[in-house]
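Visitor: I have a structure on my screen and would like to learn how to read it. Where do we begin?

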Amino acid sequence: MAKNQNVRHTLTSRLKNWQDDYWLLLMQLYLRKPVGVKPVYSRPLVMLSMELHIAPEQLHARLAQIARLETPRIERIWEEYSRNPKRLARAVGLLRNMMGFNSAGDFYEGVEVEETFERDFRPLAEDERLTPVMLVLILDLYFLLTPVTMVAETPEVQELAQLMRVPVALVVEVLNVYQYCDPYLNRRERCSSPLLEPCRLTWQQYGNGDNRQLTERAEALKEYFR
C-alpha cells in the first residue's frame with residue numbers, strides 16, 4: 001500500500017512539473033510546417049499538452065522560448081536537431097518509449113492523475129459528440145443570435161457546425177438548451193435535454209461576464225478545429 005502511495009505521489013508530481021527532456025517534444029512541434037510558434041489551441045499543441053498534462057498556455061510560452069533561443073540548453077538542442085529531423089524523430093521516439101507514452105494504459109494503471117484543462121477537450125458523458133470547449137463556442141454564437149435565428153437555416157449555425165464537424169441539429173439543440181440557462185428569457189417550461197447541466201455549468205463560467213472575453217476565448221479555441 002505504501003509503495004502504491006509513493007508511486008501515486010511521484011508520478012502525479014512528475015506530470016505536474018516540467019522536465020528538460022520535454023524540450024525534444026516541443027522542438028519537434030516547433031519544426032512542424034509551418035515552422036514556428038503554433039497557436040495556443042492548435043490541435044497538435046493541445047494533444048501534446050494532454051500527453052504531458054501541462055496546460056497549452058504553458059507549452060505555448062515555451063515554444064516562444066525556442067523561437068528566441070532563450071537558454072543555452074535550447075541553443076544546444078537547436079544546434080543538434082534543427083537541421084536533422086530524422087535524428088530528432090529518433091530521440092523523440094526513444095523518449096516516448098521510455099516514458100510510457102506509447103502504452104498509456106500500463107503507464108497510468110493505479111495512478112491518480114489530477115486533470116484540469118484536459119476535461120475541456122474530452123467528450124461529455126451526456127453526449128460524446130460534444131466537449132466543454134464546443135459548448136463555449138456555441139455559447140459565443142448564442143450571444144450573436146436571437147431565439148428566432150437559432151435554427152438550422154441560419155448560416156452562422158451551419159458554419160459553426162461545419163467547423164466542429166457535428167450535425168447542425170446538434171448545434172441548434174445546444175442553442176435551445178442555453179435559452180433555459182438565460183435569465184433574461186425566463187423560460188418556465190421544463191427542459192428535458194441531458195445537456196442542460198453541462199450547458200448550465202458553461203453558462204455559469206462564461207455567460208454572466210464580459211461577452212468580449214468569451215468571444216476572445218472562443219476565437220482562440222476555434223484554432224483547435226481548423
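Guide: Begin with a helix and its cover. The model is predicted. The cover over the buried residues of helix 11 includes helix 8 (132–142), helix 10 (168–181) and helix 12.

Visitor: Which residues of helix 11 are buried?

Guide: Pro198, Cys199, Thr202, Trp203, Tyr206 and Gly207. Viewed down the axis of helix 11, these buried residues fall within an arc of 140°, so they line one face of the helix.

Visitor: What does helix 11 span between its end C-alpha atoms?

Guide: Helix 11 covers residues 196–207 and spans only 14 Å between those atoms. A straight helix of 12 residues would span 16 Å at 1.5 Å a residue.

Visitor: How do I describe two packed helices?

Guide: In general, use the angle between their axes and the distance between the axes. Here, take helix 10 and helix 11. Their axes come within 9 Å and cross at roughly 65°. Helix 10 passes helix 11 in a right-handed crossing. On the helix 10 side, the contact is made by Val174, Val177, Tyr178, Tyr180 and Cys181. Helix 11 brings Leu196, Cys199, Arg200, Thr202 and Trp203. Cys199, Thr202 and Trp203 are also among the buried residues of helix 11.

Visitor: Let us step back. How many helices and strands does the protein have?

Guide: It has 12 helices and 0 strands. From the N terminus on, the elements run α-α-α-α-α-α-α-α-α-α-α-α. Of its 226 residues, 43% count as buried. The protein exposes about 13,000 Å², and carbon and sulfur atoms supply 51% of that area.

Visitor: What share of the contacts joins residues at least 24 apart?

Guide: Take contacts between residues at least 6 apart in sequence; 61% of these join residues at least 24 apart. Asparagine 211 sits in helix 12 (residues 211–221).

Visitor: Is asparagine 211 buried, partly exposed or exposed?

Guide: Partly exposed, because its relative accessible area is 33%. The cut-offs are under 20% for buried and over 50% for exposed.

Visitor: Now a loop residue. Where is serine 42, and is it buried or exposed?

Guide: Serine 42 is in the loop between helix 2 (22–31) and helix 3. Its relative accessibility is 7%, so serine 42 counts as buried. Setting aside residues up to four places away in sequence, serine 42 touches Glu223 and Tyr224.

Visitor: And which residues of helix 3 are buried?

Guide: In helix 3 (residues 43–52), they are Leu45, Val46, Leu48, Ser49, Met50 and Leu52.

Visitor: What does threonine 131 contact?

Guide: Asp120, Phe121, Arg122, Pro123 and Leu124, leaving aside neighbours within four places in sequence. Threonine 131 lies in the loop between helix 7 (104–107) and helix 8. It is buried, because its relative accessible area is 11%. Now look at proline 132, in helix 8. Not counting residues up to four places away, proline 132 touches Arg119, Asp120, Arg122 and Leu124. Proline 132 and arginine 122 are 10 residues apart in sequence and 7.5 Å apart in space, C-alpha to C-alpha.

Visitor: Which residues does a cis peptide bond join?

Guide: Lysine 33 and proline 34, with omega about -5°. Proline 34 is in the loop between helix 2 and helix 3.

Visitor: And where is phi positive?

Guide: Histidine 53, which follows helix 3, has a positive phi near 55°. Leucine 69 is not a glycine, yet its phi is positive, about 45°. Leucine 69 is in the loop between helix 4 (56–67) and helix 5 (72–81). Its relative accessible area is 30%, so leucine 69 is partly exposed. Asparagine 186 has a positive phi near 55°. Find asparagine 186 in the loop between helix 10 and helix 11. At 45% relative accessibility, asparagine 186 counts as partly exposed.

Conventions. Residues are numbered from 1 along each chain as its sequence is written. This is a predicted model: local features need pLDDT of at least 70, side-chain atom pairs count only at pLDDT 80 or more; totals for chains, interfaces and linings use all residues. Side-chain values use heavy atoms; hydrogens and water are left out. Helices (H or I, at least four residues) and strands (E, at least two) are DSSP runs, numbered from the N terminus. Buried means under 20% relative accessible area, exposed over 50%, partly exposed in between (1.4 Å probe, protein chains only). Contact means heavy atoms within 4.5 Å. Accessible areas come from the Shrake-Rupley method with a 1.4 Å probe; for residues, only the protein chains shown count as cover. The expected span of a helix is 1.5 Å times one less than its number of residues. The arc is that of the directions from the helix axis to the C-beta atoms. Axes are lines fitted to C-alpha atoms, for helices over the stretch in contact, and angles run from 0 to 180 degrees between N-to-C directions. A crossing is left-handed if the near helix is turned anticlockwise from the far one by less than a right angle, and right-handed if clockwise.
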